[in-house]
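Here is a predicted model to work through by question and answer. Each answer sets a value against its cut-off.

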Amino acid sequence: MKRRTFISLPIVLAAGAALAQPTKIRRIGLLMTASAVVYPQVREALQAGLRQEGYVEGQNVTIVLKAAEGKLDRLPALAAELAKENAEVIIALTTAGALAAKSAATDIPMVFVGVGDPVASGLVESLARPGGRITGLSFLTRELTGKRLELLKEAVPKISVVSVLWNPDVGAQARELRDLEAVAPQLGVKLLPFEIRSADDLQQAFDSMAARGTDGLVVLASGLHHQHLRRIADLAVKRRIASICEFSEFTAAGGMLVYGPSFTDMMRRAAGYAAKILNGASPAEMPVEQPSRLQLVVNLKTASAIGSEVAISLLARADEVIE
């Protein structure tokens, strides 16, 4: 009996030592172009996606946030900080964020979210086989840019002058603007592009829109625009302008129309990508995902506030109507 006790003692001690080993905390960096104010909703979506893969924030994973507050020139330094703080994978939002992370954190795997054209932007070799340390989720921005203008015209057929908020510092937006310019003559509308490089440009842009007879507005996606969605929506309502954007939060902020993928759904899926990379998967072999479902949301309260009636044909196809 004593011999059996002696032999089993090392086994018991080994088992106890194994149980006493602390859980390794994995580190995911999150690089946002917008303000940290919108972080709670992003974090909730990330947490949900991570839980599905067995990662629980505070137990075996931590999320390190860096937010540029809409100032794109801060992104490279923030990406470098994530590298110094030992992020094992970076989730980068928007094209500008992804490009900054690619340049500043050269040896860290990355998952991008909300990139309109990842191949043209130079982030991946192809959607099917990214071919490097970067993969992610595309917004289908260019494919849908012209469609948004069509939907805006269908919603309010009387629209004739459509302004476009775009940021020339976001490289892909020059191509999106050209896409709109190709579609506009077919719809019988005149386009008025307005460059928005900072929040200070918004008031002047909307004053000019009103002076030039703008009755429609397309908001191209950028971190700066996302940070100021409510202000953009409020300015459009004040000047009785029908508006559309791809950000799913736009109608909740008071914009009239949204057409695009669910941002929170994409964040959940990005979390799943990041977890797989932590578990040893190679981004080079993980195809870039494109949205499987697009949402059309109509804010009838906003339409009423600007004195517009939304076409029945559009309402019949809407996924959500805010009244």
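Contact here means heavy atoms within 4.5 Å.

Q: Which residues is S138 in contact with, leaving aside its neighbours within four places in sequence?
A: S138 is in contact with F112, V115, G116, P118, M266, V288, E289, Q290 and P291. S138 itself sits in strand β5, residues 134-138.

Q: Why is S138 called buried?
A: Buried means under 20% relative accessible area. S138 has 2% relative accessibility, so S138 counts as buried.

Q: Why is G132 called partly exposed?
A: G132 has 34% relative accessibility, so G132 counts as partly exposed. G132 is in the loop between β4 and β5. Not counting residues up to four places away in sequence, G132 touches P283 and A284.

Q: Why is strand β3 described as largely enclosed?
A: Strand β3 spans residues 89-93, and five of its five residues are buried, so the rest of the structure largely encloses β3. V89, I91 and L93 point one way, while I90 and A92 point the other way. All of these are buried.

Q: How do you know that β3 pairs with β1 and with β4?
A: Pairing takes at least two bridges. Four bridges join β1 (residues 26-32) to β3. Four bridges also join β3 to β4 (residues 110-115). Both counts meet the cut-off, and both pairs run parallel. On the β4 side, L93 stands opposite V113. From β3 the chain crosses through helix α4 (residues 94-104) to β4, and this β-α-β crossover is right-handed.

Q: What makes β2 and β5 the edge strands?
A: The open sheet has five strands, in the order β2-β1-β3-β4-β5, with parallel pairing. β2 (61-67) and β5 each pair on one side only. On average, neighbouring strands are turned by 20° against each other, direction ignored.

Q: Which strands does α4 touch as it packs on the sheet?
A: Helix α4 touches β1, β3, β4 and β5, and its direction makes about 155° with that of β4. Helix α2 (residues 39-52) lies across β1, β2 and β3, running at about 145° to β1.

Q: Which residues touch the most other members of the largest nonpolar core?
A: The core has 55 residues, and L30, I91, L165, F206, L217 and M267 touch the most other members. Helix α10 (residues 263-278) gives the most to this core, with ten residues. Apart from it lies another core, of 30 residues, among them V164, A184, I244 and M256.

Q: What does I91 touch, not counting residues up to four places away in sequence?
A: I91 touches I28, G29, L30, L31, L46, V111, V113, M267, A270 and A274. I91 is also one of the buried residues of β3.

Technical notes
Residues numbered from 1 in each chain as written. Predicted model: local features only at pLDDT ≥ 70, side-chain atom pairs only at ≥ 80, totals over all residues. Heavy atoms only, no water. Core = buried A, V, L, I, M, F, W, Y, C linked by side-chain atoms within 4.5 Å. Buried < 20%, exposed > 50% of the residue type's maximum accessible area, 1.4 Å probe, protein only. Helix = DSSP H or I, 4+ residues; strand = E, 2+ residues; numbered from the N terminus. Right-handed = clockwise from strand over helix to strand, strands pointing away. Axes fitted to C-alpha atoms, helices over the stretch in contact; angles between N-to-C directions.
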